[in-house]
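Let's take a friendly walk through this structure, one local feature at a time. Keep the sequence and the 3D view side by side as you read.

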Amino acid sequence: MGAHFDRTQPWWHGAGKAWFEYITRGQHLLREGHAVADILWYLGDATPTICPEKDPLSSVVPISINYDCLNTEMLHKLEVQNRKLTLPHGAQYKVLVLNNHKTLSFNSVTKIHELAKQGAVIIGAPIEQLAGRFNTQAQQDQFAEMVAFIWSQPTTYNMPFNPKTTQGHAGVIPDHSVAEDTLLDWDKIYAEQNFVRDLSIKGLKHFYFTHRKSATHDIYFIFNESDQPRLIEAKFNLVGKIPELWDPQTGNTVQLGAFETDATHTRVALRLAAKQSMFVVFTESSKGVSPVSPDVIVEQDIQVLLDQPKGKNQQNTPKKQLSVVTKKGLQQVSLNTKQDAIAIPTLPESLTLSGPWQVKFDKKYGLDHTFKFTQLLDWRNHPDTRIQDYSGTAKYSQNMTIAEQYVKPGTLLTLDLGQVNIAATVIINGKLVATAWVEPYQLDITEFVKVGENQIEIEVANVWVNRLLADQKLPDTSGFKIARWQDPVTKMPKWYTDNQAPPPSERLTFSTQKFMSQDEPRQASGLVGPVQIKLSQSIKL
């Protein structure tokens with residue numbers, strides 16, 4: 001099994017590069033420092049020792065609590081420092097969960113006993129017996145004493161569980177649905193041990209995140225799974241640093257000016273578009289910074305940012321300045337109850353690029369023609385079957401007029417492409433803006449437009465499915481016989497191995513396997529829109 005992820009895909013030259021940039025930014029951050037998790041999941045001495053997947057384990061550990069797996073080798077390297085289980089490379093954990101531990105070696109029991117004496121929080125049923133046939137009576141007696149001690153401690157929880165987490169020897173496929181509730185009362189455990197969650201989000205019970213920590217950065221990766229925009233009210237388990245948003249799609253970073261801290265948390269409110277991901281990074285000290293309450297973000301659809309002025313103030317120290325980013329429709333903004341509301345200048349209406357559009361299809365993909373689209377539509381719904389069956393790229397173009405009021409200082413312009421199937425590369429006035437390959441299909445075009453007439457080009461790419469469906473109905477002249485799965489591998493035709501052109505054919509594609517049935521429907525394709533230029537503004541306070 002696999003996927004064709006290469007330059008033969010119609011979307012490769014646009015979305016391929018953009019996707020790799022997204023992955024590169026994300027992987028760079030996710031390799032920094034070490035992983036941060038609340039739980040160590042001990043795999044036991046016996047084999048097989050398979051680290052369970054997150055969804056099948058959700059009946060025991062909620063999705064919103066991260067864990068790392070621990071084998072016996074690393075168990076013996078654990079120490080307890082300030083009530084946290086600590087590994088030599090610096091990673092720290094709040095809880096040790098025992099699994100696959102009915103029978104353990106004397107050395108492993110001794111280590112767990114040592115951790116319990118040091119105050120480690122341990123969860124699991126008592127160990128039942130020692131591994132091995134040649135344990136002395138003294139060892140058996142000591143084993144019984146150690147187990148009794150471990151499970152008498154207020155930091156040890158006698159909670160038996162047997163999650164179905166792996167295929168194992170029975171060949172049982174794990175359930176990848178997320179359990180609504182867990183067998184263990186984690187809120188009670190955390191409260192009794194005075195622990196706090198690494199990340200909590202108001203109103204969300206199940207959510208995925210990743211946390212990395214280096215000497216200088218705390219890096220959280222969060223994701224909005226919803227098909228709708230979502231307000232994220234988050235509490236991060238750290239204090240004393242300014243929260244920053246690092247966007248893996250664009251590479252842009254901003255410092256948030258709306259946050260608050262208590263003894264253990266930094267509270268932040270931010271809005272994520274449907275399916276949007278974001279890194280929340282803490283690196284710079286918040287000493288001397290006067291943020292506003294995140295409640296102003298909850299109550300108003302705004303963003304409060306910290307600006308770093310280029311110069312220095314009279315005390316020769318950098319001074320942070322707040323700015324507010326607002327959308328159309330807001331007439332005033334209130335940042336606190338003691339301050340008068342800030343008047344917001346009226347923004348012009350959004351621009352809708354309705355049409356007509358000149359749409360040029362690519363000869364390379366079998367359609368050397370330019371069509372006039374009076375309105376945007378899915379290619380499947382176009383009356384011309386050549387467009388219905390088309391797989392490749394098509395360039396939409398039109399001229400748009402931008403009035404002077406749209407390009408005033410502080411006005412921000414966002415191109416919202418609406419529905420795109422599946423990727424779109426935007427060029428304005430001959431300059432490449434970027435490629436949008438995932439929701440939300442929105443791009444910042446503030447620096448690319450000018451007063452007066454502007455030319456916009458949107459190159460849209462779909463996938464091969466529609467062309468392959470059409471070609472299945474046409475005669476196959478390739479000379480290649482598709483083998484059934486149980487048949488010997490069929491040799492490639494001579495024209496292919498000799499790197500020659502294929503025989504003349506009505507088909508545009510050549511495939512070594514049939515990937516879909518004749519009655520499979522075409523896939524959505526093209527720019528459906530609506531295409532709009534939406535306005536916001538940044539106001540320095």
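A residue is called buried when its relative accessible area is under 20%, exposed when it is over 50%, and partly exposed in between, using a 1.4 Å probe and protein chains only. Before we apply that, note that this is a predicted model, in which local features need pLDDT of at least 70 and side-chain atom pairs count only at pLDDT 80 or more, while totals for chains, interfaces and linings use all residues. Residues are numbered from 1 along each chain as its sequence is written, and side-chain values use heavy atoms, with hydrogens and water left out.

Let's begin with aspartate 416. Its relative accessible area is 11%, so aspartate 416 is buried. You will find aspartate 416 in strand S29, which covers residues 411–416; helices (H or I, at least four residues) and strands (E, at least two) are DSSP runs, numbered from the N terminus. What does the side chain of aspartate 416 make a polar contact with? The partner is the side chain of lysine 534, at 3.0 Å. A polar contact here is a pair of N or O atoms within 3.5 Å; within protein, one must be able to donate a hydrogen and the other to accept it, and residues adjacent in sequence count only if both atoms are side-chain atoms. Leaving aside residues up to four places away in sequence, aspartate 416 touches Tyr441, Gln442, Pro530, Val531, Gln532 and Lys534, where contact means heavy atoms within 4.5 Å.

Next, look at strand S34, residues 452–461. Two strands pair if DSSP finds at least two bridges between them. Strand S28 (residues 393–402) runs antiparallel to strand S34 (residues 452–461), and 10 bridges join them. One place to look is asparagine 399, whose bridge partner in S34 is glutamine 455. Strand S31 (residues 423–428) is also antiparallel to S34, with 6 bridges. There, isoleucine 428 has isoleucine 456 of S34 as its bridge partner.

Now to the cysteines. A disulfide is a covalent bond between the sulfur atoms of two cysteines; in this model it is assigned when a pair of cysteine sulfur atoms lies within 2.5 Å. How many disulfides does a search of the whole structure find? The search finds 1, joining cysteine 51 to cysteine 69 with an S to S distance of 2.0 Å. This pair links distant parts of the chain, 18 residues apart: cysteine 51 sits in the loop between strand S2 (39–42) and strand S3 (67–70), and cysteine 69 in strand S3. The torsion about the S-S bond of cysteine 51 and cysteine 69 is about 75°, so the disulfide is right-handed. Cysteine 51 is partly exposed because its relative accessible area is 40%, and cysteine 69 counts as partly exposed at 26%.

Finally, some backbone details. Most residues other than glycine have a negative phi, and most peptide bonds are trans. Against that background, the peptide bond from glycine 355 to proline 356 is cis, with omega near 5°, and proline 356 lies in the loop between strand S25 (351–352) and strand S26 (357–361). Another cis peptide bond joins glutamate 439 and proline 440, with omega about -5°. Arginine 83 has a positive phi near 70° and is found in the loop between strand S4 (79–81) and strand S5 (84–86). Asparagine 499 also has a positive phi, of about 60°, and counts as exposed because its relative accessibility is 71%.
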